[in-house]
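Please open the model in a viewer and keep the selection panel at hand.

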Amino acid sequence: MSFVPSTFIIAIIAFLILYALLHKYAFGPLFGIMEQRRNHVLNEIQTAEQNRKETEKLLAEQKEVLQATRQEAHAIIEQAKQTSSRQAEEIIAQAKAEAVRLKEEAVSDIENEKNKAVAALRREVSAMSVLIASKIIEKQIDEKSQADLVEHYLKEVGGDR
């Protein structure tokens, strides 16, 4: 194998022409496509990062809303407990007031019946007194007999009233 300079020069010229053609028609579009792909990948990475940040933000907002909802539910439960407790106290107070009213009515009814009984007893005693007086007048009895007779009628009535 021998070195032929003319072949070497022709090979270099052919290589340069091939390189120029490849650069113009192959490398340019190939590098353009690769650059587009690189830009596309970078855009996808940025979009993914933005989506991740938005997702984290939405997740934080949802956690805050959930916490606020829990607090609101707890407040509603506490309010319901207080309301039911207050209503129970009101019902108990109403029941006590009703019991006092019924007791007072019963005492009043008893007093009225007692007064009626005393009035009836007085009417009977006065009727008996008139009867005794008329019998005394009829019999003209002595003082001891009269006292015995009054005592006898008072025992029948049920007391010294």
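Where do Glu-49 and Arg-52 both lie, and how many residues apart? Both are in helix H1 (residues 5-139), three residues apart, about one turn of the helix. Helices here are DSSP runs of H or I with at least four residues, strands are runs of E with at least two, and both are numbered from the N terminus.

Before going further, please note that this is a predicted model, in which local features need pLDDT of at least 70 and side-chain atom pairs count only at pLDDT 80 or more, while totals for chains, interfaces and linings use all residues. Residues are numbered from 1 along each chain as its sequence is written, and side-chain values use heavy atoms, with hydrogens and water left out.

**The whole chain**

Display the entire protein chain. Its secondary structure comes to two helices and zero strands. The C-alpha trace spans about 195 × 25 × 15 Å along its principal axes. The radius of gyration, taken over C-alpha atoms, is 62 Å, whereas a compact globule of 161 residues would have one near 15 Å (the globule rule is 2.2 Å times the number of residues to the power 0.38). Of the 161 residues, 4% count as buried; buried means under 20% relative accessible area, exposed over 50%, and partly exposed in between, with a 1.4 Å probe and protein chains only. The accessible surface comes to about 14300 Å², and 62% of that area belongs to carbon and sulfur atoms. Such areas come from the Shrake-Rupley method with a 1.4 Å probe; for residues, only the protein chains shown count as cover.

**The nonpolar patch**

Next, select Phe-3, Phe-8, Ile-9, Ile-12, Ile-13, Phe-15, Leu-16, Ile-17, Tyr-19, Leu-21 and Tyr-25. Together they form a nonpolar patch on the surface, with about 1200 Å² of accessible area. Patches are made of residues with over 30% relative accessible area and no salt bridge; like charges are joined within 9 Å, and nonpolar side chains (Val, Leu, Ile, Met, Phe, Trp, Tyr) within 5 Å.

Leu-22 counts as partly exposed, at 34% relative accessibility. Leaving aside residues up to four places away in sequence, Leu-22 touches Phe-27 and Gly-28; contact means heavy atoms within 4.5 Å.

**The salt bridges**

How many salt bridges does the structure hold? There are seven, each being a side-chain nitrogen of Lys or Arg within 4 Å of a carboxyl oxygen of Asp or Glu.

Return to Glu-49 and Arg-52, whose side chains meet in a salt bridge of 2.2 Å, N to O. Glu-49 is partly exposed at 32%, and Arg-52 is partly exposed at 39%.

Further along, select Glu-98 and Arg-101. Their closest N and O atoms are 2.2 Å apart in a salt bridge, and both residues lie in helix H1, three residues apart. Glu-98 is partly exposed at 36%, as is Arg-101 at 35%.

Finally, select Glu-113 and Lys-116. Here the closest N and O atoms of the salt bridge are 3.7 Å apart. Because they are three residues apart in helix H1, Glu-113 and Lys-116 are separated by about one helical turn. Is each exposed or partly exposed? Glu-113 is partly exposed, with 49% relative accessible area, while Lys-116 is exposed, with 54%.
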